[in-house]
Every structure is written in structure tokens, then in C-alpha cells.
Amino acid sequence: MAFNRLKDRNVHIYNIEDPTIELGGLILTTGVTNANFFSMLEILFFFESRFNLRDKGGITVERNDHPLQSGDYYIVGPLSINNEPWLVRTVSLSTGTRLESFRNAVRARDGRCVITGEESISLDNWAGLQAAHIFPLAYLGHWVEHNYGRWITVQTEEPINSVQNGLLLRADIHQLFNMYFMSINPDDNYKFIWFTHDRKNLAGRHLDQQFLNNPNRPVDQLLRWHFRQAVLANMRGAGEPIFEHDFPPGLDMVGEIWRGPKAAERMEFELYNRLAIQ
């Protein structure tokens, strides 16, 4: 079963020329500013010229660091919708010998969850912490086609498995990150942006400076890619699906996927991530 991401939105986006159709929205969490919201709109839409934004009362919203307020917002100015597809992604743990070096490199660099600060139990006990790919390994073809490897400076046999495409995350944060429910905005001091209810009180915090000073840290372009994907997945008017990822033994997982939305993309992703990558 798949659920919809538009549920519980308390920020709603309209074109002032047609205020009856909702173009998108957001579940507002701590740390989202007016300037952040403008940047999100510039991902969702194409603008022919500078645009203005008004609230329901007709007051112009300035592009500043004031906290965004919940409510209805109206775009003033010509726009077209960005139909760029987002890459379907769910919770996944890939395996294989080539990923062992990726995991070890991420562990050695980070030593703790870079979002919560939670450290490993010991140097040889990493229970609860997982090495996450920022750009998913399942889309290696997309990575190669768009030459994202050009951003990598710490080279490995496969640039997609460079430590610069990884983060050490607590297991629950890894799930949220993979499903685009949270992301890191490198263009706002590496702020944590939550796109769902923040039950962990982490939204609005930032990556710490010690992590950012590491020359092997993730490259901004990949963090920016992930943030863009999170905006596209969560803020579009129709609301993209939330995929079930917990399939108990005996459940027809294949059937469930094929009966759900974006079945072909989901199946491709799931099959790849359930193969041992040797």
C-alpha cells in the first residue's frame, strides 16, 4: 500500500491567476524560512521573470530569514510547472564486497551519526549506524549518464561509492533520508530540512563545522541533488506516494509493488537493492 505525501500539509501554494487549484504545499517544520520557501518554489516551478509571493491577506512576503508561517501563499508572476521526475527511492541496504570499502570509509570519517551526533558503541560495534549513499546506488546508470562522478575528488574504483557520496546515519534517520523525508540544504549553512513531522526535534539544525572542515566530506553538488529530489517528492500539488517498505515474511511483496503506484520504477529499485553487488 502507498500513502500520499500531501496529507497534513499546512502550507499551500497557488497561482494568483487561478487560486482554485493547489499547485503544491509543505508540512511546515522548524527552521524553514521565507528565503528557504522561495528557493523551494524555484525548484518546483520555472519563472520567466522575478516573481512575488503574497499571503492569504494579500501582504507581500519578503525573501528573508523570517520563519515561514503556515497558511496559503499565492505566486504573482508567469510560471510553468517543473515536471522533472524524481528518482523513486525506498529504504534499502545493499550488500557486496565493493560496498564494504564504502562503508568502512564512511565509518572512519564520521564515527557517529552526522545528524544526531550519536556515536558508535565502540570501534568494532556499529549497531544502529549505517553508511548511506546520498545518490542511490540503484541509479548507477543515471549517475553515469549525467556524469555526476565529475564532482568526486576522492576517487575509488567506482566514483558512486566514494566516501564523498556517503553519510553515516542512525538507522531511523537513514530511512527518512532515503525516503526524502529529510534532507540537508548546502545553500543554507547545511541546514537539516524535514518534509514530514519532526518527532526528533532535529529540523533546523546544521552539520557541525568539524564535519564540514573535513576535505573528504560529501560534495555540495550531491547534497544539493538530494535536497532538490526531496522538494520534488514532497511538495508537488498532487502529492507523490509514500511507499510501504516493511514486507513481513509470506506477504506477496512483488504483487504489492505491481499493484501500487510507479510500479516499474519501484520494482527496478527494489530488485537492484536486493542483489548482492559483487
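Okay, let's start in the sheet: Val 11 has Gly 71 in β6 as its bridge partner. That contact belongs to a set of 5 bridges joining β2 (residues 11-15) to β6 (residues 71-76), and the two strands run parallel. Strands here, like helices, are DSSP runs numbered from the N terminus, with at least two residues in E for a strand and at least four in H or I for a helix.

Before I go on, a word on the source: this is a predicted model, so local features need pLDDT of at least 70 and side-chain atom pairs count only at pLDDT 80 or more, while totals for chains, interfaces and linings use all residues. Residues are numbered from 1 along each chain as its sequence is written, and side-chain values use heavy atoms, with hydrogens and water left out.

Back to the sheet. It is an open one of 4 strands, ordered β3-β2-β6-β5, with mixed pairing; two strands pair if DSSP finds at least two bridges between them. Which strands stand at the edges? Those are β3 (18-26) and β5 (52-55), each with a single partner strand, so one side of each has no neighbour in the sheet. From one strand to the next, the twist averages 35°.

Now the helices. Helix α1 (residues 34-44) packs on this sheet and touches β2, β3, β5 and β6, its direction making about 50° with that of β2. Helix α6 (residues 220-235) lies across β2 and β3 and runs at about 130° to β3. For those angles, axes are lines fitted to C-alpha atoms, for helices over the stretch in contact, and the values run from 0 to 180 degrees between N-to-C directions. Contact means heavy atoms within 4.5 Å.

The structure holds 12 aromatic pairs. One of them is Phe 135 with Trp 225, a tilted pair at 4.6 Å centre to centre and 45° between the planes. The rule is that rings of Phe, Tyr and Trp (its six-membered ring) pair if their centres lie within 6.5 Å, with planes under 30 degrees apart counted as stacked, over 60 as edge-to-face and the rest as tilted. Phe 135 sits in the loop between β8 and α3 and Trp 225 in helix α6, so this pair ties together parts 90 residues apart in sequence.

Asn 165 is in the loop between α3 and β9, and it is buried, with a relative accessible area of 0%. Leaving out residues up to four places away in sequence, Asn 165 touches a set of residues including Phe 102, His 133, Trp 143 and Leu 222.

Asn 147 lies in the loop between α3 (140-145) and β9 (166-170) and is partly exposed at 43%. Asn 201 is in the loop between β11 (191-194) and α5 (209-212), exposed at 58%.

Last topic: charges. The count comes to 14 salt bridges, the rule being a side-chain nitrogen of Lys or Arg within 4 Å of a carboxyl oxygen of Asp or Glu. Which residues are linked in a network of salt bridges? Glu 118, Arg 170, Asp 172 and Lys 200. Let me walk along it. Glu 118 pairs with Arg 170, their closest N and O atoms 3.2 Å apart. Glu 118 lies in the loop between α2 (97-110) and β8 (129-133) and Arg 170 in strand β9, so the pair ties together parts 52 residues apart in sequence. Arg 170 also bridges to Asp 172, at 2.7 Å. Asp 172 then meets Lys 200 at 2.8 Å, N to O. With Asp 172 in helix α4 (residues 171-178) and Lys 200 in the loop between β11 and α5, that pair ties together parts 28 residues apart in sequence. Glu 118 is partly exposed at 39%, Asp 172 at 25% and Lys 200 at 31%.

Key. Buried < 20%, exposed > 50% of the residue type's maximum accessible area, 1.4 Å probe, protein only.
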